[in-house]
Amino acid sequence: MSLIGPRPLLPEYLDLYTPIQKRRHLVKPGITGWAQVNGRNAISWRKKFEYDTWYVENISFILDLKIIALTVLKVLKSEGINSDNAVTTEKFTGIN
């Protein structure tokens, strides 16, 4: 595991990924990532996967520094912690 990268998800979700969503596994999972600084639990699963795959395709040292800075800001502001429907996030059921 690394500091920056797509957040690891439950193993039970593995069979539900589309081929594009599986690209998130081309890099090490991280404690924080592009999806976390762009909405965390307040965004849809589809958007989380879009952000994760975008990160995989655009990974760079500068992007990682930006994610670290944005993570600090998000933590200080407590933004994106809860989804609209739940305290955390809804269970992933697959996206066609």
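Me: Which residue forms a salt bridge with Lys-91?
Reply: In this predicted model, where local features need pLDDT of at least 70, side-chain atom pairs count only at pLDDT 80 or more and totals for chains, interfaces and linings use all residues, Lys-91 has a salt-bridge partner with closest N and O atoms 3.2 Å apart. A salt bridge is a side-chain nitrogen of Lys or Arg within 4 Å of a carboxyl oxygen of Asp or Glu. Residues are numbered from 1 along each chain as its sequence is written, and side-chain values use heavy atoms, without hydrogens and water. The partner of Lys-91 is Glu-12.

Me: How many residues apart are Lys-91 and Glu-12?
Reply: Helices (H or I, at least four residues) and strands (E, at least two) are DSSP runs, numbered from the N terminus. Lys-91 lies in the segment after H3, while Glu-12 is in the loop between strand S1 (2-4) and strand S2 (30-32). The pair thus links distant parts of the chain, with a separation of 79 residues.

Me: Is Lys-91 buried or exposed?
Reply: Buried means under 20% relative accessible area, exposed over 50%, and partly exposed in between (1.4 Å probe, protein chains only). The relative accessible area of Lys-91 is 56%, so Lys-91 is exposed.

Me: Which helix holds both Lys-47 and Glu-50?
Reply: The side chains of Lys-47 and Glu-50 meet in a salt bridge at 3.2 Å, N to O. Because these residues are 3 apart in the helix, about one helical turn separates them. The helix that holds both Lys-47 and Glu-50 is H2.
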